[in-house]
Amino acid sequence: MKHKIKLLGIALTFALLMPAGAACQGMPVYDNTNFISFTKSLIESAKQTSQLLKTVQFLKTQKENIEKVNNVIRQLKAVREMARNNQRLFNIVQDDLREILNSPYIKPDEVNRVSESFNSIIENSLYGLEYIDQILSSNTLKMTDAERAEVLKDMELKSKEMVAEIEAKTKRYREIIAFREMQDKINNRETNY
């Protein structure tokens, strides 16, 4: 801006110091309206650029906020799914284990093994819940929301695997009971010869 003012001052000085004959012989006249409109357009462009930079910064901030909300939603979904899986585990153990252990076709020495196998799965489930509680409530674990969501997703998969494992064990023990029941019926049937 100062450079343009100096240039304008030099041009005006030069025009005033020229002899009158030279000024009258077709010397171009400087038009201030073009200079003023050019200056106004430069100022307007600067304002628009400034506004555009503010908009870009605002959009970056909003993107970060959306990513944070997405991570929190993922965490909530993972925790909710783990709670459902653990509830299924406890229901299976509560109902099916009682039924299996009360069956006359499970031998006394097998009761301990069956109980221990189910207990180990439940203990793993409880350990997972304690670990999740630490992750969500502890400020000493320096984790980003994305890292926390990833850990929770892994724990959710493990809880699904535990549910599948306990369902498979329940099915296997029911099949053993059914086989032994059928075997008992065959061995103790009445013969009418």
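What share of the contacts in the protein with a separation of 6 or more is accounted for by residues 24 or more positions apart? The value is 78%, where contact means heavy atoms within 4.5 Å. The model is predicted; local features need pLDDT of at least 70, side-chain atom pairs count only at pLDDT 80 or more, and totals for chains, interfaces and linings use all residues. Residues are numbered from 1 along each chain as its sequence is written, and side-chain values use heavy atoms, with hydrogens and water left out.

The protein contains five helices and zero strands. Its elements follow the order α-α-α-α-α from the N terminus. Helices (H or I, at least four residues) and strands (E, at least two) are DSSP runs, numbered from the N terminus. Of the 193 residues, 22% are buried, that is, under 20% relative accessible area with a 1.4 Å probe and protein chains only (exposed is over 50%, partly exposed in between). The exposed surface comes to about 15000 Å², with 58% supplied by carbon and sulfur atoms. Accessible areas come from the Shrake-Rupley method with a 1.4 Å probe.

Helix α3 spans residues 32–101 and helix α4 residues 108–137. Their axes come within 11 Å and cross at roughly 160 degrees. α3 is therefore roughly antiparallel to α4. Axes are lines fitted to C-alpha atoms, for helices over the stretch in contact, and angles run from 0 to 180 degrees between N-to-C directions. Angles over 145 degrees count as roughly antiparallel, under 35 as roughly parallel, 65 to 115 as roughly perpendicular and the rest as oblique. The α3 and α4 crossing is left-handed, meaning that the near helix is turned anticlockwise from the far one by less than a right angle.

On the α3 side, the contact includes Gln75, Val79, Met82, Asn86 and Leu89. Among the partners in α4 are Val114, Phe118, Ser125 and Leu129. The contact comprises 17 nonpolar, four polar and no charged residues. Here Ala, Val, Leu, Ile, Met, Phe, Trp, Tyr, Cys and Pro count as nonpolar, Asp, Glu, Lys and Arg as charged, and the others, Gly among them, as polar.

Asn86 lies in α3. Asn86 is buried, at 5% relative accessible area. Beyond its neighbours within four places in sequence, Asn86 touches Ser125 and Leu129.

α3 also packs against helix α5 (residues 145–187). The axes are 9 Å apart, at an angle of about 20 degrees. α3 and α5 are therefore roughly parallel. This crossing, too, is left-handed. The contact of α3 with α5 has 16 nonpolar, five polar and 13 charged residues.
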